[in-house]
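Please look over the model shown here.

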Amino acid sequence: EHHRQGSNDRSPPTVWLWPDGNPAAPRKLAEGFPLVGYRTIAGSPWAVTTDRVTPDAWIWNSETGQQVRSLGIPLQVNCEPTSNGRWVVTRTRNEFCVWETASWQAISRWPARVDEQANGSIISSKDSQILATESTDGKLILRQLPDGTELVNLLPPHAVAPREWMFSPDTRRLIVVLRDGRVVDWSLAELRRELALLHLDWK
């Protein structure tokens, strides 16, 4: 719900949840804060947002609408909760970090590659074992979670950068929408079979 009075008004939005899509029973999730996105964390009362005005990642109680804490990240940051609800992955221009949601302690860090998009999306697989990011030349970089071990780089067969990508529910496929509207569908299961023949598959 936006309260802006004009195009240059920076009034923060109010974020509501309509349970079962019912606008007659709304629950307020956040108010009066310049947040970017609102991502709930599976199996918990927590949600995470980022903020372009005061760089950090912020944790909310989605049941009460109260801001709980920040993660103390002094740079612009993207974040991705994993499907299992155990971790939140953050990414700044310098590094990635995996935070354990039970304690909000950092359990893993690794440096960002110089060729990775600083503000690009980070997407985790449905089984919470793989993280995908984008390089500046259009490759998708797959890493193991939670330690960040780099597994493989995927280069789309067309010289067009990815726009969006997602894993299939069984994590056996990676579907990519290119910026020109074409769709690339990788069979990760087949890729892994080919890598296994070269003794390069991951565990």
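The sections below take these topics in turn.

## Basis of the model

The model is predicted: local features need pLDDT of at least 70, side-chain atom pairs count only at pLDDT 80 or more, and totals for chains, interfaces and linings use all residues. Residues are numbered from 1 along each chain as its sequence is written, and side-chain values use heavy atoms, with hydrogens and water left out.

Strands (E, at least two residues) and helices (H or I, at least four) are DSSP runs, numbered from the N terminus. Two strands pair if DSSP finds at least two bridges between them.

## Sheet E7 to E10

This open sheet has four strands in the order E7-E8-E9-E10, and its pairing is antiparallel. E7 and strand E10 (105-111) are the edge strands, each pairing on one side only. On average, neighbouring strands are turned by 20 degrees against each other, direction ignored. Such angles are taken between axes, which are lines fitted to C-alpha atoms (for helices over the stretch in contact); they run from 0 to 180 degrees between N-to-C directions.

Strand E9 (residues 95-100) is joined to E10 by six bridges, and the two run antiparallel. Val 98 stands opposite Ser 108 in E10.

Two bridges link E11 to strand E12 (residues 130-134) in the antiparallel sense. There, Ser 124 faces Leu 131 in E12.

## The E5-E6 hairpin

Strand E5 (residues 57-61) and strand E6 (residues 66-70) run antiparallel and are joined by four bridges. Asn 61 stands opposite Gln 66 in E6. The two strands form a hairpin with four residues between them. Gly 65 in the turn has a positive phi of about 80 degrees.

Ser 62 lies in the loop between E5 and E6. Ser 62 counts as buried because its relative accessibility is 8%. Buried means under 20% relative accessible area, exposed over 50%, and partly exposed in between (1.4 Å probe, protein chains only). Leaving aside neighbours within four places in sequence, Ser 62 is in contact with Arg 27, Leu 29, Tyr 38, Pro 45, Trp 46 and Ala 47. Contact here means heavy atoms within 4.5 Å.

## Pockets

A pocket is an open set of points on a 1 Å grid over the protein atoms alone, where a 1.4 Å probe fits, with protein on both sides within 12 Å along at least five of seven lines; lining residues have an atom within 4 Å of a point. Grid points are joined across faces, edges and corners, and a volume is the space filled by probe spheres set on the points.

The largest pocket holds about 390 Å³. Its lining has 21 residues, and the closest to its centre are Val 36, Thr 50, Val 77, Asn 78 and Cys 79. Strand E3 (36-40), strand E4 (46-50) and strand E7 (78-81) each give two or more residues to this lining. The second largest pocket has a volume of about 240 Å³. Of its 13 lining residues, Arg 10, Ser 11, Pro 12, Pro 13 and Pro 34 are the closest to its centre.

## An exposed loop residue

Pro 157 lies in the loop between E14 and strand E15 (162-167). Pro 157 is exposed, with a relative accessible area of 60%. The C-alpha atoms of Pro 157 and Val 184 are separated by 8.0 Å, and these residues are 27 residues apart along the chain.
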